[in-house]
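My notes follow in the order I looked things up.

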Amino acid sequence: MKIGFFDSGLGGITVLSEALRRLPNENFVYLADTLHVPYGTKTPQEVCGYVKASVQTILKEDIKALVIACNTATSIAVAELRNEYQIPIIGMEPAVKPAVEMNRANGKRVLVLATPLTLKQSGYAALVSRVDDHGSVDSLPLPELVQFCEQLNFDRTEMAEYFNCKLAAFDLDLYGTVVLGCTHYPFYKEILKGLLPSHIQLIDGSHGTVRRLIQVLSDRNLLASPAKAGQSQEGHITFLCTSQDADYVHKMERALEIYTEHEKISF
């Protein structure tokens, strides 16, 4: 059986990459809802319908667990999905809690970058209210960034101009952590590192999400057995998209290659 990953487009590949690194013996299937990407600029009702339809599609792939690798989709639909299906469903939320904890000692602020729809959800407001005791969290919507990523636009000059424009209103010396609150955004980690002051740390939710996935699979005895001595058992990935577009499947494969190379540089 496979582990399912779902996102509106390429963003969930940043989480899939972490899962591949931590779970090399597992097989994966990744579904992108290319008929409706991006989610972050649509209504909650629209997104909920899209997510439910896509989950019905990926459940046909004999999966043992599902990762909703999209902060927006998680905030809108994960509760209903868990009520409807018996398989483990792991969602995502912006990494606000660890960001706040990282800054408790230094008094620095936290800046959350996310889609407009994620930032408007009551779940996000509740998250910030729960963990932000000192009012240190600020939010910045970046609605265009998903489309840049979907176009595989990682041009450093163009993207640096975009980020500098968006961040111009913030005194970055006041911030200690920037949260990448959309799974598309980690594709731009290296560019952001070159623009932000050196004391600012960048975090996203992929590590925590994969840790939770591993815990759930382990608790239910669903982890794949390690390869036996002398045998190779690299995990296999199946890429699918709701538009059934072969070119987009190639784009997903290319995006995984690009992100994996980015991560090698980071490590």
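I count two strands as paired if DSSP finds at least two bridges between them. Helices (H or I, at least four residues) and strands (E, at least two) are DSSP runs, numbered from the N terminus.

Before going further, I noted that this is a predicted model, where local features need pLDDT of at least 70, side-chain atom pairs count only at pLDDT 80 or more, and totals for chains, interfaces and linings use all residues. Residues are numbered from 1 along each chain as its sequence is written, and side-chain values use heavy atoms, with hydrogens and water left out.

β7 and β8 belong to an open sheet of four strands, ordered β6-β5-β7-β8, with parallel pairing. β6 (137-141) and β8 (201-204) are its edge strands, each pairing on one side only. Neighbouring strands here are turned by 25 degrees against each other on average, direction ignored.

Then I looked up the other sheet. What is the order of its five strands? I read β4-β3-β1-β2-β9, an open sheet with parallel pairing. β4 (89-90) and β9 (237-241) stand at the edges with a single partner strand each, so one side of each has no neighbour in the sheet. Strand β2 (residues 28-32) pairs with β9 in the parallel sense over five bridges, and V29 stands opposite T238 in β9.

On to a helix pair. Helix α4 (residues 96-103) packs against helix α6 (residues 122-131) at an angle of about 25 degrees, with the axes 9 Å apart. Axes are lines fitted to C-alpha atoms, for helices over the stretch in contact, and angles run from 0 to 180 degrees between N-to-C directions. α4 and α6 are therefore roughly parallel, a label for angles under 35 degrees. From α4, V96, K97 and V100 make the contact (heavy atoms within 4.5 Å), and from α6, Y124, L127, V128 and V131. I sorted the contact residues of α4 with α6 into six nonpolar, no polar and one charged; Val, Leu and Tyr are among those counted as nonpolar, and Lys is among the charged.

Last, the whole chain: I found eleven helices and nine strands. The C-alpha trace spans about 50 × 40 × 35 Å along its principal axes.

Key: Parallel < 35°, antiparallel > 145°, perpendicular 65-115°, else oblique.
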